[in-house]
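The structure comes first, and the points are grouped by topic after it.

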Amino acid sequence: MKETYKINTFTNHADRLAYVLIKFGAMGTNRPKKYEGATVIVETIDLENALDYEPRYLAPLIVLLVQHPKFLTQFKNIPEDIYNTVAKIRAGNKLGEDCRYEAFKNLVSLCGIIKDGRVKGPNKKIRKQYRFDQAIAKKLDELMASGGFDNETQLIEKLISKA
Amino acid sequence: MDLNKIGKELDKRIQLADVKSYVDQGVGLVPKDIEMKIMGQIALLADEEISSLIELNTTFDVDAQVKASAEVANILDQLLKEKGLALDRLSDEIWMPPDTIWETQYDGEYVKILKARPIDVLVSKGVKAPAKNKKLIRDAMGIYGNELLKRIDDFGGDSSFFNI
């Protein structure tokens, strides 16, 4: 079987990071076409380099890491101060040290943390291909295709009740 | 971001809420002198000229000083939420240059929306948060040149920080 390789569309680390932030609803842009149809290998993003080039990506990056913790393992070399801030927000802390030039309480507000410390999640609906691991998304598609469910919510509820 | 559209929708909802309140409780909302002053990144995004010249990104918080009753503020919160936005509660703490010019974007029956000129927003960012806005100010220097740098210095900032 022929293997296919993903190639980064962008050479610049900041553009690669912007693509991920936009795709997962942590940031908006006035140039959406720039990112349409692009491919980015998350593991290749040098976060410190990206933030040095565009410091404004700090807050959306923290939002992304809080709302989609799978990126905590996908990004290589997450700066320690950012990691600690994310951990504190995910633990439900309302007060903490500011992270570089972003106020902690503003970050908490941006991350959509509700009263009991859980993440409310972004308002924007995110497709399952982006919410789940690719293998899980594929498995859900297969189960849906096998029939017996009116929609994916029914299927997921059934799987949860079996667990 | 179309501020005119938001203004129209807000006016419509306020009118409905006013009528509903009158019917339900015999008292209207008395909506008057409702004013939103838009600042920050949203003001840049809402400006067609600068938005066409510079790539801008934003989180989903709206920096705006809002003068309205609690009932009207709730209607605004709901409207922004439906658009995936949220009002930044710390907006009143944002410093703007004292000579900021506020351009009227919408002047409806109940609501008036004003927006700071892009150069005033950029001066505010350059003076108060230079590290965070380094790239943005550098990009904007291509549009506003020395005028932007001079105003950053005039208000206590350090324009040399943005030298390439």
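Is α5(B) mostly covered or mostly uncovered, and how many of its 11 residues are buried? Nine of the 11 residues of α5(B) are buried, and the helix is mostly covered. The model is a predicted one, and the predictor assigns the complex an ipTM of 0.83 and a pTM of 0.79.

**Confidence and overall layout of chain B**

- The average pLDDT of chain B is 91, and 99% of the residues score at least 70.
- Six helices and seven strands make up the secondary structure of chain B.
- Read from the N terminus, the elements of chain B follow the order α-β-α-α-β-β-β-α-β-β-β-α-α.
- Taken along the principal axes, the C-alpha atoms of chain B fill a box of roughly 60 × 25 × 20 Å.
- Chain B has 164 residues, of which 35% count as buried.
- When contacts in chain B are limited to residues at least 6 apart in sequence, 65% of them join residues at least 24 apart.

- The buried residues of α5(B) are P118(B), D120(B), V121(B), L122(B), V123(B), S124(B), K125(B), G126(B) and V127(B).
- The cover over these buried residues includes α2 (40–45), α3 (48–53), β7 and α6 of chain B.
- Helix α5 (residues 118–128) of chain B packs on α6(B) at an angle of about 85 degrees, and the two axes are 10 Å apart.
- The helices α5(B) and α6(B) are therefore roughly perpendicular to each other.
- On the α5(B) side, this contact is formed by I119(B), L122(B), V123(B), K125(B), G126(B) and V127(B).
- By class, the residues of the contact of α5(B) with α6(B) are 10 nonpolar, one polar and three charged.

**The four-stranded sheet**

- Chain B contains an open sheet of four strands in the order β4-β1-β7-β6, with mixed pairing.
- The edges of this sheet are β4 (64–67) and β6 (102–107) of chain B; each has a single partner strand, so one side of each has no neighbour in the sheet.
- From one strand to the next, the twist averages 20 degrees.
- Strand β1 (residues 34–38) and strand β7 (residues 111–116) of chain B pair in the parallel sense, over five bridges.
- In that pairing E35(B) stands opposite K112(B) of β7(B).

**Helix α1(B) against the sheet**

- Helix α1(B) lies across β1, β6 and β7 of chain B and runs at about 155 degrees to β7(B).
- G7(B) is part of helix α1 (residues 3–25) of chain B.
- Because 21 C-beta neighbours lie inside 10 Å, G7(B) counts as buried.
- Leaving out residues up to four places away in sequence, G7(B) touches Y106(B), G108(B), V111(B) and I113(B).
- Between G7(B) and Y106(B), which are 99 residues apart along the chain, the C-alpha separation is 6.1 Å.
- I6(B) is also found in helix α1 of chain B, and this residue counts as buried because it has 23 C-beta neighbours inside 10 Å.
- I6(B) and V111(B) are 105 residues apart in sequence, with 9.9 Å from C-alpha to C-alpha.

**Contact between the chains**

- The contact takes 18 residues from chain A and 19 residues from chain B.
- On the side of chain B that touches chain A, the elements giving two or more residues are β2 (57–58) and α6 (134–154) of chain B.
- Helix α6(B) gives the largest share of that side, three residues.
- Seven nonpolar, six polar and six charged residues form the side of chain B that touches chain A.
- Strand β1 (residues 28–29) of chain A pairs with β2(B) in the antiparallel sense over two bridges.
- The bridge partner of T29(A) in β2(B) is N57(B).

Definitions and conventions: Residues numbered from 1 in each chain as written. Chains lettered and ligands numbered in written order. Predicted model: local features only at pLDDT ≥ 70, side-chain atom pairs only at ≥ 80, totals over all residues. Contact = placed C-beta atoms within 7 Å. Nonpolar A, V, L, I, M, F, W, Y, C, P; charged D, E, K, R; others polar. Pairing = 2+ DSSP bridges. Axes fitted to C-alpha atoms, helices over the stretch in contact; angles between N-to-C directions. Parallel < 35°, antiparallel > 145°, perpendicular 65-115°, else oblique. Buried ≥ 20, exposed ≤ 12 C-beta atoms within 10 Å, placed from the backbone. pLDDT = per-residue confidence, 0-100.
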